[in-house]
Amino acid sequence: MKKSLLAVAITSAFIMVGCGSSSDKNTILPNESDTPELNLALEQIDKSMVEDFPLAKFVKYDFEFQRLDNIDAIQFSPPFLNVLQHKQTFGAIDAGESELPYLLIEDTPSNHLDALDFVAFDDSYWSVKGDEGVFSFALDGSSIREFSNANAEFTEITKEDATDTAWLYDKNNTMLVALNTSTGEFSKTKLKGLDSVTGLHVNNKVLTMLVNKDNESAIVQIDTSDSQFSLIDGWHIEGFDTDGIFNDITIFGDGRLIVSIDSMSENLYVLADKEELLGVGPIEDSVSLEVSDTIALPEVILQPSGIHAADDGKWLVITDQAEAYVLGEDFSLENSTKLSFDSINCNQGCTEAIIGDSTQYYAITDAGLVGRFELANGEYNLAQEYELDITSSEGDTYIYAGLTQNKMTGEYYLIPDDNSPDTEDELLVLDNEFSLLSRHDITFASEVDGSIHQYDAQGVEYYDGAIYVLSQQFTKVLKLNLNGEILSVFDIDPEDVSEPSDFTIINDLIYVVGDHEDDQPAPPITVYGLPE
């Protein structure tokens, strides 16, 4: 059974205790010098974190000189991702805005900029500077409190607001240190089995540690609710082709992990549990899809986010860069258009799906803006915009990654793109003017191993009286009836398409496109037979 990020049990073999003792509890016991030891047996970790979203690529800057090219520390404080560049700048990325604008905080006090790591609250700024001190400043930079511990070299700090415990990493002694900010008392735990700690984050007494050993990075989570620490979970970080070092970690409000890297570009990433991303999923597979063909895309097409088989025999492809392509029946390039909307500035990653034909097509953005583009004199121009004003039962706005239409009725179908296990998903039915007609909860008739809402919706396709959904999470295709009930689940081998971004179905064949890294060519279209 799949568990949430902060609720995975571990075996007692995963954590070692001091004094060479054995125990059926995951505890830290005193050694002979009365300093407890925690041996993080990183070699026993069998799970991995991989890239989920390259956040740095999508940050919008007002000026080029503001670009983040030397990140030292990060902290998520909803809705802002605070970013420190040591002795240079302090600013924030507004994660509540789709364009991810960067806001430079001018006239940041030098006491704040001197930090190697920090925790910012509404009324205070806690920091460490790589020496024996722990500092608390007012927002104007004036000193509030200062603590000192001889022979320490504090390089990492984390703290929960309205608590009296600050968690620190002492690089000089390889120790995890708890500072009681009321009494000034330092409690120390010797860390074993690692070279260094490069990031700390605490939330609800769960301490997340970014650690390094033999130039490999890992993440461990520890329950600090009492003196007998217990290890909750652990992951290796894999799949990153970088010479940089992961140098800090923080957590979004929905539990997703964010890491920074000490490189000049591509230095902020959202991570995902590889097992959760590519695992078996909550519903047993009906069948595994078999590859019947692969088709190369024109080299000019990069990061495709949508594909559609048009009724006139053409193929439509849209990319993360808001570029739309019309391809011939043989997938040769016939037209390319840089799409432009009136009401938004569509940045990287904005456009998600395309439907229509070679005379006019519809493109949808992740925020639910639909543009109708018509062909005139060899060019496609915006003819009309439709804004989807649909919210969840809690009043939250939706994010979209797919759009499809029943040509017989003219109705459009959408499923919001969300893989949170606690968010109930819906099948939305719209009329030909994109007004809401009906909405149906996504359901499954039998018992499941987890939550059906863990699936996301990278693509949605109406075909032969059913709705098909492409889930990048677990790499599956789901078949639904028009009332939102899941009927079947088809498995896609992630070795075939590791990051499926959209699909289309025609003549009982499924055509899947996938995402890729900037320095790699677009993967080919992968073709599967549609199960009966």
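## Burial and the model

Buried means under 20% relative accessible area. Phe 434 comes out at 5%, so this residue counts as buried. The model is predicted.

## Salt bridges

The structure contains 13 salt bridges. One of them joins the side chains of Lys 47 and Asp 273, with an N to O distance of 3.8 Å. Lys 47 sits in the loop between β2 (37-40) and β3 (48-53), while Asp 273 belongs to strand β22 (residues 268-273), so this bridge ties together parts 226 residues apart in sequence. Both ends are hidden: Lys 47 is buried, and Asp 273 is buried too.

A second bridge pairs Lys 60 with Glu 99. Their closest N and O atoms are 3.2 Å apart. Lys 60 is in the loop between β3 and β4 (73-77), and Glu 99 is in the loop between β6 (89-94) and β7 (102-104), so the contact ties together parts 39 residues apart in sequence. Lys 60 has a relative accessible area of 32%, which makes it partly exposed. Glu 99 is also partly exposed, at 22%.

## A loop-to-loop bridge and a network

Which residue forms a salt bridge with Lys 407? The partner is Asp 311, and the closest N and O atoms are 2.8 Å apart. This pair links distant parts of the chain, 96 residues apart. Lys 407 lies in the loop between β33 (404-405) and β34 (412-414). Asp 311 lies in the loop between β25 (304-309) and β26 (315-319). Lys 407 is partly exposed, with 45% relative accessible area. Asp 311 reaches 65% and is exposed.

Some bridges share partners. In this way Lys 47, Asp 233 and Asp 273 are joined into one network.

## Aromatic pairs

Searching the whole structure gives 25 aromatic pairs. Among them are Trp 167 and Phe 229, with ring centres 5.9 Å apart. Their planes stand at 65°, so the pair is edge-to-face. Trp 167 is buried at 9% relative accessibility. Phe 229 is buried as well, at 9%.

Is the pair of Tyr 362 and Phe 434 edge-to-face or tilted? The planes meet at 50°, so the pair is tilted. The ring centres are 5.8 Å apart. Tyr 362 is part of strand β30 (residues 360-365), and Phe 434 lies in the loop between β35 (426-430) and β36 (436-441), so this contact ties together parts 72 residues apart in sequence. Tyr 362 is buried, with a relative accessible area of 12%. Phe 434, at 5%, is buried too.

## Ring cluster and a charge over a ring

Ring pairs also build a cluster. Its members are Phe 341, Tyr 361, Phe 373 and Tyr 380.

One further contact brings a charged side chain to an aromatic ring. Where does Lys 129 lie relative to Phe 135? Lys 129 lies over the face of the Phe 135 ring, at 4.5 Å from the ring centre.

Note on methods
Residues are numbered from 1 along each chain as its sequence is written. This is a predicted model: local features need pLDDT of at least 70, side-chain atom pairs count only at pLDDT 80 or more; totals for chains, interfaces and linings use all residues. Side-chain values use heavy atoms; hydrogens and water are left out. A salt bridge is a side-chain nitrogen of Lys or Arg within 4 Å of a carboxyl oxygen of Asp or Glu. Helices (H or I, at least four residues) and strands (E, at least two) are DSSP runs, numbered from the N terminus. Buried means under 20% relative accessible area, exposed over 50%, partly exposed in between (1.4 Å probe, protein chains only). Rings of Phe, Tyr and Trp (its six-membered ring) pair if their centres lie within 6.5 Å; planes under 30 degrees apart count as stacked, over 60 as edge-to-face and the rest as tilted. A charge sits over a ring if NZ of Lys or CZ of Arg is within 6 Å of the ring centre and within 35 degrees of the ring normal.
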